[in-house]
Amino acid sequence: AQTKGEFEVRVSGLSYDASQQDVLDFFNTFTQASSVNLLTDRNTGRSKGLCFVKFDTKEALDQAIANNRCEHMGRYLNIEQAQTREQRQQFNQGGQ
């Protein structure tokens, strides 16, 4: 059974000028992304240079991760598989 976040990457190093559509269009040049969640500062509305991109299949996820350190809008992106909620909770509890 697929859990929420299983086919999701965390992307850091984004240009602060990149929009959700920019990121979606970029990923769709080499894989099939289903959605982008661009994190923004709640006070200013500006991008934090970080987003999460979801995919419908493991193959699409693997293609995204294979493009780690690629260039987008003059910046090199860090693309890594996002942790599931359970993994984050274990980390926050010190692995217990």
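1. Let's start with T31: at 7% relative accessibility, T31 counts as buried (buried means under 20% relative accessible area, exposed over 50%, partly exposed in between, with a 1.4 Å probe and protein chains only). T31 is found in the loop between α1 and β2. Helices here are DSSP runs of H or I with at least four residues, strands are E runs of at least two, and both are numbered from the N terminus.

2. Before going on, a word on provenance: this is a predicted model, where local features need pLDDT of at least 70, side-chain atom pairs count only at pLDDT 80 or more, and totals for chains, interfaces and linings use all residues. Residues are numbered from 1 along each chain as its sequence is written, and side-chain values use heavy atoms, with hydrogens and water left out.

3. What does the side chain of T31 make a polar contact with? One partner is the side chain of Q63, at 3.0 Å. A polar atom of the T31 side chain also lies 3.0 Å from the backbone oxygen of A60. (A polar contact is a pair of N or O atoms within 3.5 Å; within protein, one must be able to donate a hydrogen and the other to accept it, and residues adjacent in sequence count only if both atoms are side-chain atoms.) Not counting residues up to four places away in sequence, T31 touches F55, A60, Q63 and A64, contact being heavy atoms within 4.5 Å.

4. F55 is worth a look from its own side. Leaving aside neighbours within four places in sequence, its contacts include T31, F7, V9, F27, A60 and L61. F55 is also listed with V11, F27 and V53 as having the most contacts inside the largest nonpolar core, which has 21 residues. Such a core is a set of buried Ala, Val, Leu, Ile, Met, Phe, Trp, Tyr and Cys residues joined through side-chain atoms within 4.5 Å. β1, α1, β2, β3 and α2 each supply at least two residues of this core, and the largest share, 4 residues, comes from α1.

5. On to α1 itself, where V23, L24, F26 and F27 are buried. Seen down the axis of α1, the buried residues fall within an arc of 160°, so they line one face of the helix; the arc is that of the directions from the helix axis to the C-beta atoms. Their cover includes β1, β2, β3, α2 (58-66), β4 (71-72) and β6. Helix α1 (residues 20-27) lies across β1, β2, β3 and β6, running at about 145° to β2. Axes are lines fitted to C-alpha atoms, for helices over the stretch in contact, and angles run from 0 to 180 degrees between N-to-C directions.

6. Now the sheet: 4 strands form an open, antiparallel arrangement in the order β2-β3-β1-β6. β2 (33-40) and β6 (78-81) stand at the edges with a single partner strand each, so one side of each is left without a neighbour in the sheet. The twist averages 25° from one strand to the next. Two strands pair if DSSP finds at least two bridges between them.

7. β1 (residues 8-12) is joined to β3 (residues 47-55) by 5 bridges, and β1 pairs with β6 over 4 bridges. S12 has L50 as its bridge partner in β3 and N78 in β6, while E8 stands opposite K54 in β3. β1 is mostly covered, with 4 of its 5 residues buried.

8. Last, S15, in the loop between β1 and α1. At 8% relative accessibility, S15 counts as buried. A polar atom of its side chain lies 3.1 Å from the backbone nitrogen of D17.
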